[in-house]
Amino acid sequence: MRREGFTKIGRVLAGLVLATLVGGAGDKPTPLDAAHWRPAFARPDHAPTPTDNPATPEKIALGAKLFEDARLSGSGDVSCASCHQADLSFSDGVDRHVGHDGQPLDRRTPALWNLAWGLSFFWDGRASSLEAQAMGPIENEREMAGNLENALRALDADPPMRKAFAAAFPDDAAVTQANLGKALAAFQRTLVSPETRFDRWVEGDDKALEGDELAGFALFVGKAGCVACHQGWRFTDEAFHDIGLPSEDRGRGPVLGVSAANHAFKTPSLRERVWSAPYMHDGSLATFDAVVAHYADHVVQRPTLSADLPRRIELNEQERALLVAFLNTLSSDDPPRPASLPSKAMSWGGDEKAIPTSTVSQKDRRFTPGAIIMKVGEALRIVNDDTRVHNVRLDGPGKSFNSDAQNPGDTVTIGFDGAGHYDVICGIHPEMRLSVEVTQDR
Ligand code: HEC
Ligand code: HEC
């Protein structure tokens, strides 16, 4: 068992701490508002699956086989599972995996839990779907150094494999790159992290957490400010933040071509992280204690720091231990096994009723309204009345737009000279989605 347990002394102190320290030394103690936070962290009852790649048992079984198939690599001895190991939360236990050339890779192998809910993939979000993501490692010279054509030929020459592809894709029974990507994605969407003691507390079992763990949770959603980014049952906002690590890696910035997003990385989920140390995109922090010490003491001050990162987090020794005790409750006691959740076809944010307007707000990281209808020839005004830097991007029929860094106070104007449907997102906060319907007359 690798859980870092909390000491007896901690447990004895916990009751006292709950009564006196929550909310911070010196401040008035704020009691944990359980009625507010329980629903905010409730687990979903199904996993989303895209309409163009529905999950079937045959497809998932094929994906699971491919995940362990070393024929996908150039040398024939590296599979996805070589780096994404089930017992290590589908990570690999090292700061950076040694690549084909004998040198460490640029970034740490991330854990793969709960990616069915992901909005972008890789630390810098450069892949927009799990289907597309898989081709990255296969063809990457330093990861699998594979050649897709050779790999597909080898799989096609193997009769059981051909049969498995035929069962998974009855309408298009071929060993193709598209089907390979779909099967791997369908399998990875089944990697849902199991319930832990924290979930039993969320469901209403007051005794599921010890006093010190609850006090740690109160700090997490209170004075330590963690919940600004680690939100919801997966503990991520899917957004990109610079949290002040000393690494030179520029992360999201080069992907967007926006220097305000330099050093920003995707907020990782905090589920089953006891099993996936070391932490951060560069694997530079070995333990939860080191992570908490980073936020409290070692944030590198630079202009790109996230607006959601508290500028000063004062945590005494005991508060740090409480936060770590809480982080441990998000992991299983034994190596976790995926939970089984039924899947449900979903399209992102498609059901909001469109409002006739051409002005949209971005307050609190949300486009309001989230769906609008405009006339050809009108100009869309997107007003940054938020406290954060945004990056408005649009891809649609015959039109693409990138605002570069849109600072608080800036307004972005986009004109439309043709009718059609356009999706607008923020490149730094991809959970922000705006649907724009442009019609000849509204
Ligand atoms: C040599 C080690 C290695 C192998 C082999 C490997 N990966 Fe990865 N994987 C990584 C690293 C490192 C990253 C992070 C790279 C980055 O963000 O730039 C990553 C990222 C990912 C991500 C993104 C997760 C997220 O949170 O965004 C997914 C999904 C993934 N890999 C799936 C796979 C699949 C599927 C295969 C097999 C086809 C595979 N990996 C093979 C090391 C590996
Ligand atoms: C401004 C947003 C933000 C805030 C606030 C924040 N985090 Fe994070 N957290 C991130 C991002 C982004 C990363 C990944 C950074 C990287 O690798 O460069 C991360 C990484 C982590 C990791 C490592 C996870 C892994 O798998 O590597 C842990 C643990 C963690 N944070 C815990 C906390 C705690 C505890 C707090 C409160 C003290 C906190 N975070 C506050 C955004 C945030």
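**Entry 1: helix H13**

I started with helix H13, residues 288-298, where Phe288, Val291, Val292, Ala293, His294 and Ala296 are buried. I take buried as under 20% relative accessible area, exposed as over 50% and partly exposed as in between, with a 1.4 Å probe and protein chains only. Helices here are DSSP runs of H or I with at least four residues, strands are E runs of at least two, and both are numbered from the N terminus. Helix H14 (317-328) is part of what covers the buried residues of H13. An α-helix has 3.6 residues a turn, so residues three or four places apart point the same way.

This is a predicted model: local features need pLDDT of at least 70, side-chain atom pairs count only at pLDDT 80 or more, and totals for chains, interfaces and linings use all residues. Residues are numbered from 1 along each chain as its sequence is written, chains are lettered from A and ligands numbered from 1 in the order in which they are written, and side-chain values use heavy atoms, with hydrogens and water left out.

I went on to leucine 323, placed in helix H14. Leucine 323 counts as buried, at 4% relative accessibility. I skipped neighbours within four places in sequence and found leucine 323 in contact with Gly216, Leu219, Phe220, Ala224, Cys226, Val292 and Leu315. Contact means heavy atoms within 4.5 Å. Its C-alpha atom is separated by 13 Å from that of glutamate 210, 113 residues apart along the chain.

Leucine 219 is in helix H11, residues 211-221. Its relative accessibility is 2%, so leucine 219 counts as buried. With neighbours within four places again left aside, its contacts are Ala224, Gly225, Glu319, Leu322 and Leu323. Glycine 370 is 151 residues from leucine 219 in sequence and 32 Å away in space, C-alpha to C-alpha.

**Entry 2: ligand 2**

I counted 23 residues around ligand 2, and Arg108, Cys226, Cys229, His230 and Tyr295 come nearest. A residue is near a molecule or strand if one of its heavy atoms lies within 4 Å of it.

Next, the polar contacts, meaning pairs of N or O atoms within 3.5 Å; within protein, one must be able to donate a hydrogen and the other to accept it, and residues adjacent in sequence count only if both atoms are side-chain atoms.
- The side chain of arginine 108 has an N or O atom 2.6 Å from an oxygen atom of ligand 2.
- For arginine 273, a polar side-chain atom lies 3.0 Å from an oxygen atom of ligand 2.
- The side chain of tyrosine 295 has an N or O atom 2.7 Å from a nitrogen atom of ligand 2.

**Entry 3: ligand 1**

Which protein donor does the iron atom of ligand 1 have? I found His84 (NE2) at 2.1 Å as the only one. Donors are N, O and S atoms within 2.8 Å of the metal (3.2 Å for Na, K and Ca); water is not among the atoms, so sites may look incomplete. Histidine 84 is in the loop between helix H4 (80-83) and helix H5 (130-133).

Of the 25 residues around ligand 1, those that come nearest are Cys80, Cys83, His84, Phe122 and Lys266. Arginine 107 has a polar side-chain atom 3.1 Å from an oxygen atom of ligand 1. For arginine 126, a side-chain N or O atom is 3.0 Å from an oxygen atom of ligand 1. H4, H5 and helix H6 (135-139) are the elements that give two or more residues to the shell around ligand 1.
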